Amino acid sequence: QMAVTEACANIISSGALPLAMTDCLNYGDPNDPEIYYELHQSVAGMAQACEIFDTPVISGNVSLYNENNGEAIYGTPMVGMVGLIADTKHIIQATAKNAGELLYLVGPQTKADFAGSELQEMLTGKISGTLAPLDLKQLAQTFTNLHQAMKQGLVTSSHDASEGGLGVCLAELFFKTELGAKVKFDFSAAELFSETAGRFLVTVAKKDQQAFEALLGQAQVLVGEVTQTKELDVTVNETRFTVPVAT
């Protein structure tokens, strides 16, 4: 479900309407009951997400028996999705455009979602823990509202958060620009790298603030502003740090 959500978020972030998806399901030996269970549960979870996001699976394949010395790879569902941008005026780029614009965090509340993340394996050398449940219906509603805001011209840029969480997302929003940002998040420094699914960082012109906030409702939080400083000035709880965008 997280893989489907991320693919859907990528489509939405570009200003497109998600239409359909394909998959490649990579697992170990399905004759092993535990591996078969992984495969079965993955298909069931993806199907549920696709029904809610209205993105039918139009093709797909599997790659099984992926093992080395009797040890299976991590279950890896690969998801590709196609979407439609009906009018090229609605294309949204993934880099910030103008100093002085407002920076919003859109999506569910950030929580300590580190289970299964690259960061967890890097710091601990293993993958463990329980994945947080997804509110797929709420995510779908947020995606719909954000897409509507984009069609109304209320969003100037958008970047969805995936690997590395909002820390990486924030940095990438300013790559290849002469801009920076001053932002404040109401969570811990560690949660800056949490991988809670379905979040975006978007920029909005100040003249469109009221319309954007009305359309997104409680799914948006104003977290900062685009600056001309070429650096990221970030405050998380009581911790503040500054990093040049080039770094």
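**Note on sheets, helices and cysteines**

1. Strand 1 (residues 17-26) pairs with strand 2 in the parallel sense, over six bridges. Two strands count as paired if DSSP finds at least two bridges between them. Helices (H or I, at least four residues) and strands (E, at least two) are DSSP runs, numbered from the N terminus. Within strand 2, Ser-63 is the bridge partner of Asn-26.

2. This is a predicted model, in which local features need pLDDT of at least 70 and side-chain atom pairs count only at pLDDT 80 or more, while totals for chains, interfaces and linings use all residues. Residues are numbered from 1 along each chain as its sequence is written, and side-chain values use heavy atoms, with hydrogens and water left out.

3. An open sheet of three strands has the order 2-1-5, and its pairing is mixed. Strand 2 (57-63) and strand 5 (76-84) are the edge strands, each pairing on one side only. From one strand to the next, the twist averages 20 degrees. Axes are lines fitted to C-alpha atoms, for helices over the stretch in contact, and angles run from 0 to 180 degrees between N-to-C directions. Helix 2 (residues 33-53) packs on this sheet and touches strand 1, strand 2 and strand 5; its direction makes about 180 degrees with that of strand 1. Contact means heavy atoms within 4.5 Å.

4. Another open sheet consists of seven strands in the order 7-9-6-10-8-11-12, with mixed pairing. Strand 7 (157-160) and strand 12 (239-244) stand at the edges; each has a single partner strand, so one side of each is left without a neighbour in the sheet. The twist here averages 20 degrees from one strand to the next.

5. In the seven-strand sheet, strand 6 (residues 102-106) and strand 9 (residues 200-204) run antiparallel and are joined by five bridges. Thr-203 in strand 9 is the bridge partner of Leu-103.

6. Helix 1 (residues 2-13) lies across strand 7 and strand 9, at about 170 degrees to strand 7. Helix 4 (residues 136-151) lies across strand 6, strand 7 and strand 9, and runs at about 25 degrees to strand 9.

7. With a disulfide taken as a pair of cysteine sulfur atoms within 2.5 Å, the count is zero. Cys-8 is in no disulfide, the nearest cysteine sulfur being that of Cys-50, 9.0 Å away. Cys-8 counts as buried because its relative accessibility is 2%; buried means under 20% relative accessible area, exposed over 50%, partly exposed in between (1.4 Å probe, protein chains only). For Cys-24, the closest cysteine sulfur is in Cys-50 at 15 Å, too far for a bond.
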